[in-house]
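This report walks through one protein chain and how its parts are held next to each other. Please look at the structure first and keep it open while reading.

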Amino acid sequence: MGLKQIIGFLHEAQDLSATWGVNTIVEQCLIEMDSPLEDVVDVQAALPAYDFGTTPEPTFTIGLSYHPERSDLILKQANGVRVHAMGRPYWIVDLTYETGQWLDKLLNGENQGAGNVGRVKRFDTTPGTGEPATQVIKYPWDEPPTWQSSTRRVRINIFHDINGDPLLHANGLPILEGVSAELDLEVHTFTWNVEYDTFTYSTDIAPFIGKINVLSVFDAPVDHVLLESCTCVENYRTVNLSVPTGQNGTGATATHHFVTLTATFVIDRRTTSELGYFREANRRVSMHTLQLAPLLGGGFELAPIDINSRGDRATAPWPLAPNGIAIPYDLIDDADPLTDFAFIDTLLPEQNDLTAFAAQYSLVIP
C-alpha cells in the first residue's frame with residue numbers, strides 16, 4: 001500500500017494574494033492512495049519529499065519544495081490533510097507557497113552546518129518547458145579546449161626535386177649533402193583546464209614534451225608531429241551562485257582549483273618524407289676519407305677510398321654506404337642519397353603516444 005498517484009492541483013480551489021514583494025498561492029492537491037483503508041498517517045508517510053531536483057514537483061518538504069509552475073514560490077506551510085468529497089482513497093492536501101524572503105537566512109548559508117547542504121539554487125524555468133531548472137555549476141575543467149593555428153618556416157636539406165628525381169650536379173654526380181630549402185610547418189596551440197586534484201605533471205605532461213608521434217595523430221603520418229611545449233599554470237576561480245527570483249541575499253560562492261595547460265604541436269604535413277622534419281633535422285649523411293675494407297682472415301680495416309679509375313684517393317669526405325664501405329665511384333652516378341647513403345642518425349626526438357595524449361584532453365584540429 002502507499003501513494004498511487006498525485007492527480008494534481010484543483011484549479012477551482014486556487015487562491016492568490018500579494019503584498020509588496022511577496023506573492024502567496026494557496027493550493028489544494030488531490031492525491032490517490034492505493035487503499036481506502038489507509039489513514040492520514042499513511043498519507044503523510046507516502047508524500048514524496050524534495051530530493052534536490054531528482055523527483056518532479058510537487059514534493060512536500062517545507063522550505064525546499066517548489067511550486068510546479070512557479071519556481072520563485074517555495075512551500076511554506078502544509079495546512080492540512082483531509083478526505084476528498086469522493087471518499088477514500090482520495091485525499092486533499094492544503095498547501096501554501098510563498099516567495100522566499102523568509103528563507104533568506106537558509107539561502108545565505110547560515111544553516112550550512114554538518115549534514116546540512118542547504119537548498120539547490122535554481123533559475124526561474126527551463127526554456128520551453130516551464131519547469132524549474134537547477135542552476136548548473138560550470139567547472140573550468142569541463143570547458144572545451146580552445147585552438148589556434150599559425151605556420152613556421154624552417155630550412156631543410158633535400159636530395160630530390162619537386163618531381164621526386166635526385167638532385168644532380170652539372171656533371172651528373174649526385175648532390176652529396178643535400179640542398180638547403182624552405183619548408184612551412186603547421187603550428188597548433190591548444191589551451192584547456194584540468195582539475196588540480198586529478199593532475200600529476202610528472203606522468204600527465206612531462207613524458208610527452210619534446211616527443212614525436214608513434215602513431216598517426218591529427219591526420220599526420222608517424223614521426224611527423226612534435227609536442228614542442230606545454231605550459232601549466234595553477235589557477236583559482238570563484239563563482240557566485242545566484243539566488244532564485246523573489247528572494248533576497250547574495251547567494252553562495254564556490255572556488256574552483258584547476259590547472260590551465262597550453263600545448264603547442266608542430267606538424268610536418270609532407271607525405272613524401274618517411275622520417276619527417278624532426279628526425280631529418282637530427283641526422284646527416286655519413287661521409288669520410290676512409291672506408292671499411294674486409295680482411296682475408298676476417299674482420300675489417302680502414303682503407304683509403306678510390307674515387308676514379310686512375311686510382312686517385314679521396315682527400316675530401318666521400319659518401320659511405322650503410323655497411324661502412326664507400327659508394328663505388330662507378331655507381332655513384334646512379335646513387336640515390338636517401339636510400340643508398342648511410343646517415344649518422346641521433347634517433348631524436350624520441351617517440352611517445354601523442355594520439356592518446358590528444359584523445360585524453362579532446363584536442364582536435366577543426
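The model is a predicted one.

**Strand β6 and its partners**

Strand β6 covers residues 90-99. Nine of its ten residues are buried, so β6 is largely enclosed by the rest of the structure. Strand β3 (residues 22-33) pairs with β6 in the antiparallel sense, over nine bridges. Within this pairing, Ile25 has Tyr97 of β6 as its bridge partner. Strand β5 (residues 70-83) also runs antiparallel to β6, and nine bridges join the two.

β5 and β6 form a hairpin with six residues between them. Gly87, in the turn, has a positive phi of about 90°. The loop between β5 and β6 also holds Pro89, and the peptide bond from Arg88 to Pro89 is cis, with omega near 15°.

**The nonpolar core**

In soluble globular proteins, nonpolar side chains tend to be buried together. The largest nonpolar core in this model has 22 residues. Those that touch the most other members are Trp192, Phe218, Val225, Leu261, Phe265, Phe357 and Leu363. Two or more residues each come from β10, β12 (225-240), β13 (253-267) and α6 (354-360). β13 gives the largest share, five residues.

What does Trp192 touch, not counting residues up to four places away in sequence? Its contacts are Pro145, Val259, Thr260, Leu261, Ala263, Phe357, Tyr361 and Leu363.

**Aromatic rings**

The count of aromatic pairs comes to 13. One of them joins Phe159 and Phe343 in an edge-to-face arrangement, with 6.1 Å centre to centre and 90° between the planes. This pair links distant parts of the chain: Phe159 is in the loop between β9 and β10, while Phe343 is in strand β19 (residues 343-345), 184 residues apart. Phe159 has a relative accessibility of 8%, so it counts as buried.

One aromatic cluster is formed by Phe190, Trp192, Phe208, Phe218, Phe265, Phe357 and Tyr361.

**Salt bridges**

The whole structure contains 14 salt bridges. Three of them are listed here.

| Salt bridge | N to O distance |
|---|---|
| Glu182 and Arg153 | 3.6 Å |
| Asp268 and Arg270 | 2.9 Å |
| Arg313 and Asp306 | 2.6 Å |

Glu182 forms a salt bridge with Arg153. Glu182 lies in strand β10 (residues 179-195) and Arg153 in strand β9 (residues 146-158), so the pair ties together parts that are 29 residues apart in sequence. Both residues belong to a network of salt bridges that links Arg153, Arg155, Glu182 and Asp184.

Are the residues of these pairs buried or exposed? Arg153 is exposed, with a relative accessible area of 55%. Asp268 and Arg270 are both buried. In the remaining pair, Arg313 is partly exposed at 44%, and Asp306 is also partly exposed, at 34% relative accessibility.

**Around Arg279**

Arg279 lies in helix α4 (residues 277-280). This arginine is buried, with a relative accessible area of 12%. Which residues is Arg279 in contact with, leaving aside its neighbours within four places in sequence? They are Ile212, Asp223, Asp345, Leu347, Leu348 and Pro349. Arg279 and Pro349 are 70 residues apart in sequence, yet their C-alpha atoms are 6.5 Å apart in space.

Most residues other than glycine have a negative phi, and most peptide bonds are trans. Asp223 is not a glycine but has a positive phi of about 70°. It lies in the loop between β11 (212-213) and β12, and at 8% relative accessibility it counts as buried. Leu347, also not a glycine, has a positive phi of about 60°. Its place is in the loop between β19 and β20. Leu347 is exposed, with a relative accessible area of 56%. Pro349 is in the loop between β19 and β20 (351-352), and the peptide bond from Leu348 to Pro349 is cis, with omega near 0°.

Technical notes: Residues are numbered from 1 along each chain as its sequence is written. This is a predicted model: local features need pLDDT of at least 70, side-chain atom pairs count only at pLDDT 80 or more; totals for chains, interfaces and linings use all residues. Side-chain values use heavy atoms; hydrogens and water are left out. A salt bridge is a side-chain nitrogen of Lys or Arg within 4 Å of a carboxyl oxygen of Asp or Glu. Helices (H or I, at least four residues) and strands (E, at least two) are DSSP runs, numbered from the N terminus. Buried means under 20% relative accessible area, exposed over 50%, partly exposed in between (1.4 Å probe, protein chains only). Contact means heavy atoms within 4.5 Å. Rings of Phe, Tyr and Trp (its six-membered ring) pair if their centres lie within 6.5 Å; planes under 30 degrees apart count as stacked, over 60 as edge-to-face and the rest as tilted. A nonpolar core is a set of buried Ala, Val, Leu, Ile, Met, Phe, Trp, Tyr and Cys residues joined through side-chain atoms within 4.5 Å. Two strands pair if DSSP finds at least two bridges between them.
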